[in-house]
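Please keep the sequence and the structure in view while reading.

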Amino acid sequence: MPDGDSQDAKGQSGLTATALFGLCPRCGAKGAWAGLGAFAERCGACGLEFAPHEPRGRGMYLVVLPVTVLLVLAALKLDEVVQLPVWALIALWGVVVPLVVTLALRFAKAAALMARLDKEGLL
Ligand SMILES: [Zn+2]
């Protein structure tokens, strides 16, 4: 039985590294992401396969929907506090929305990937 504490600590820092910087959860090499929210086929350094473990389909709505609702609420609140001109709103939300949704998706996908890899003993 592996040491639970060190596994958890490693998993936590590994999740952020994988989600934000695309580091391989096993060897730490870069290149886990092929696109903004899509995993690469496999790790170029250690050959760990990402694509077969990528969560697809409706499960991701559970991540995207609450994030979208929060963004809408944030937009309404911001509009209440400061009356920004329309061009500023378009510029602001045009950057913030894709960024936040991509980050949320990456964290969710990285967490799912690592949980699956961990379950199969590949980490
Ligand atoms: Zn690797």
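A nonpolar core is understood here as a set of buried Ala, Val, Leu, Ile, Met, Phe, Trp, Tyr and Cys residues that are joined through C-beta atoms within 7 Å. The model described below is predicted. Its protein chain contains 3 helices and 0 strands, and along the sequence these elements follow the pattern α-α-α.

**Burial and contacts of the chain**
- The protein chain has 123 residues, of which 13% count as buried.
- Among the contacts in the protein chain with a separation of 6 or more, 47% are accounted for by residues 24 or more positions apart.

**Nonpolar core**
- The largest nonpolar core consists of 11 residues, namely Ala 19, Leu 23, Cys 24, Ala 32, Trp 33, Phe 39, Cys 43, Phe 50, Ala 110, Leu 113 and Met 114.
- Helix 3, which spans residues 86-119, gives the most to this core, with 3 residues.
- Cys 24, itself one of the core residues, touches Ala 29, Ala 32, Cys 43, Ala 45, Cys 46 and Leu 48 when residues up to four places away in sequence are not counted.

**Ala 17**
- Ala 17 lies in helix 1, which covers residues 4-21.
- Because a residue is buried only with 20 or more other C-beta atoms within 10 Å and exposed with 12 or fewer, Ala 17, with 17 such neighbours, counts as partly exposed.
- Ala 17 and Lys 30 are 13 residues apart along the chain, and their C-alpha atoms are separated by 9.5 Å.

Definitions and conventions. Residues numbered from 1 in each chain as written. Predicted model: local features only at pLDDT ≥ 70, side-chain atom pairs only at ≥ 80, totals over all residues. Helix = DSSP H or I, 4+ residues; strand = E, 2+ residues; numbered from the N terminus. Contact = placed C-beta atoms within 7 Å.
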